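Please look at the structure below. The paragraphs that follow go through helix packing, a sheet and a division into domains.

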2 protein chains.
Amino acid sequence: MKRHILILFAFYAGLWLQAANEENIVYTNASNLQLIGKATVEGDFFHRIDTAHYQNLPLTVKQLYTYSAGLAIAFKTNSSVIKVKWRVPNKKQNANMTPIMQKGLDLYIRKDGIWQYAGVGIPQGIDSSSILAENMDESEKECLIYLPLYDEITHLEIGVSKKSYLKKMDNPFKGKIIVYGSSITQGASASRPGLAYPSQLSRSSGYQFINMGLSGNGKMELPVAKMLSQINDVDAFILDCIPNPSVDEICDRTINFIKTIRDKHTDAPIIVIQSVIREKGNFNMKICKMVKEQNRAIEDQIHILHKLGFKNLYLIKENHFLGTDHEGTVDGVHPSDLGFERMLEKIKPALAEILDIKFRK
Amino acid sequence: MKRHILILFAFYAGLWLQAANEENIVYTNASNLQLIGKATVEGDFFHRIDTAHYQNLPLTVKQLYTYSAGLAIAFKTNSSVIKVKWRVPNKKQNANMTPIMQKGLDLYIRKDGIWQYAGVGIPQGIDSSSILAENMDESEKECLIYLPLYDEITHLEIGVSKKSYLKKMDNPFKGKIIVYGSSITQGASASRPGLAYPSQLSRSSGYQFINMGLSGNGKMELPVAKMLSQINDVDAFILDCIPNPSVDEICDRTINFIKTIRDKHTDAPIIVIQSVIREKGNFNMKICKMVKEQNRAIEDQIHILHKLGFKNLYLIKENHFLGTDHEGTVDGVHPSDLGFERMLEKIKPALAEILDIKFRK
């Protein structure tokens, strides 16, 4: 019995020392590893697109594409501890999101064939360091570290135990499904980076859904359509931007936006999703009316496009995406993890059918 | 048609002007209104207990009971706009919660007999002002404004349109069910104040569940038991504190803690809830072991108490409270709204049976 306790003590003391002692940690610069969730390989490593290349994009769109929403670093390690050091600019904290989601990191590890949550990196300011996971067994693990959803990341190092290895890993996700959209697409307001819904779709299908969400700025401007159309090897486009443009903008821009993409991608399915009902509108009559009008406008535009002969163009209609109890958002607009779970339950079957893919669960 | 548009325009312009113009708003100090969710009527209006009265409480416990977790202001109004001004100290933002939840406000309105989300107050620093809801119809509405979960509130004014009224309202919830517990009880990490689980239990049952959660400090100290035992007219005690005490503390303190409450409350049900499984423990072997040991220890203690003849003492056993996909937390410890929904699905049936009450849904 005593011996048993002694062995246990030594085991835990060992684990503790190993985790605590920075001397036993070797860091690797993440920019030498596999980046996933990026539409192209161009531009700054941690930016979603090469903002310098697309001069005509609206300024805010450019800025938002420097945010690392949906990006993740993939690698393999047998280390019992995974640490991180990272840098984000000194951007103001948003009231409707956690600092972990806005500026933090989120580790997933594949276990029994399924990507599972393993730990978060707690942001401390401009420069942060954090233990993502510790006291793990020393089997080889496939790891994904999701990057901040609402900030730029300018530097990231991943630390593992000196006596272990950290290996490059191929992108575990197949293909490229572009998800252009609003703040909701970008991830507001998941509780942590890995829970933005395009990333959830990737993990549960094995296909790579690319987060091209633009907080408040998914307004279907023509230069954005041109940029999206220039992405190569796209399997499908999902347009989940309807909360952002006004009714007039929807009427003025939808046809050109979709035509621009279709001209370059003749066969790729284009899937438009109506706006989630804003819970604010449960009491605010003006908001209630606005969302209904946006959804009617996009439906009309898709109808026109179908009449014009556009094929492989789909509309997923709002159908209580966030449930019926009005509890799915943090602020009456942005889904919480609960709202996203409900939304995915509604959207996954439609996507599965259109894209002919399967989602786990 | 033109006339129709003109009328609509005038209507919305009117609503906008009304909301925007501070001159048309009359403010009422919330401390003159009905406070709900407080165990006693003593002490500072916005503190959960009279911390000056209970000298022997651990210092951190006293401090945490100055936080307004679970408290709400009830009133009636027929105003189409509800505004708020409030003050919180300059406490650091926690990484695993939204500013709205930590320092913000959360409005619910009773509609069709059900309390429904209506709007949040966005914190801006020490002093904040915010529109909770606007563009509403002018029917009389019963309102609840939930106060910050992780900060003290020192001042709150509620503003309604000059041409409307704001009336006192009786406490809409019956009785008093004390929920003593950890950070999870206090509300970490719901996305907004009204989603702390004791408040959800209140709204869905009509009974008043009192939030006595103590972030990291639900450690079952004897002075805390004495304080809880002195609360009058308690219908039941729920102890959801097991994540906080060590195994040794559980073994040393449980019997005295429960005996102290039972001595003063001879008939009230005492319901102990095992700790949620920490998702951190999915990979962290040490955490995994710790939670299992805590849950085994509390089960043993309840068994001893039953053998000693304690009646009306219940244990709700952990049964995948947060689901099985490891996605129910923000940080591997604290449930998100998704985690809380899953937890309540598991806990409500047990509470309903023991307390002989019904929960909606």
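In chain B, the axes of helix 6 (residues 222–229) and helix 7 (residues 247–264) come within 9 Å and cross at roughly 20°. Axes here are lines fitted to C-alpha atoms, for helices over the stretch in contact, and angles run from 0 to 180 degrees between N-to-C directions. Helix 6 of chain B is therefore roughly parallel to helix 7 of chain B, a label for angles under 35 degrees, with over 145 roughly antiparallel, 65 to 115 roughly perpendicular and the rest oblique. The contact (heavy atoms within 4.5 Å) involves, among others, B:Leu222, B:Ala225 and B:Ser229 of helix 6 of chain B and B:Phe257, B:Ile261 and B:Lys264 of helix 7 of chain B. By class, this contact has six nonpolar, three polar and two charged residues; Ala, Val, Leu, Ile, Met, Phe, Trp, Tyr, Cys and Pro count as nonpolar, Asp, Glu, Lys and Arg as charged, and the others, Gly among them, as polar.

The model is predicted: local features need pLDDT of at least 70, side-chain atom pairs count only at pLDDT 80 or more, and totals for chains, interfaces and linings use all residues. Residues are numbered from 1 along each chain as its sequence is written, chains are lettered from A and ligands numbered from 1 in the order in which they are written, and side-chain values use heavy atoms, with hydrogens and water left out.

Helices (H or I, at least four residues) and strands (E, at least two) are DSSP runs, numbered from the N terminus. In chain A, five strands form an open sheet with parallel pairing, in the order 12-11-13-14-15; strands pair if DSSP finds at least two bridges between them. Strand 12 (207–213) and strand 15 (313–316) of chain A stand at the edges with a single partner strand each, so one side of each has no neighbour in the sheet. Within the sheet, strand 13 (residues 236–240) and strand 14 (residues 270–273) of chain A are joined by three bridges, and A:Phe237 has A:Ile270 as its bridge partner in strand 14.

Helix 5 (residues 197–205) of chain A lies across strands 11, 12, 13 and 14 of chain A, at about 175° to strand 12. Helix 5 of chain A also packs against helix 9 (residues 337–355) of chain A at about 55°, with axes 11 Å apart. These two helices are therefore oblique to each other.

An automatic or database domain assignment gives chain A domain 1 (23–168) and domain 2 (174–355).
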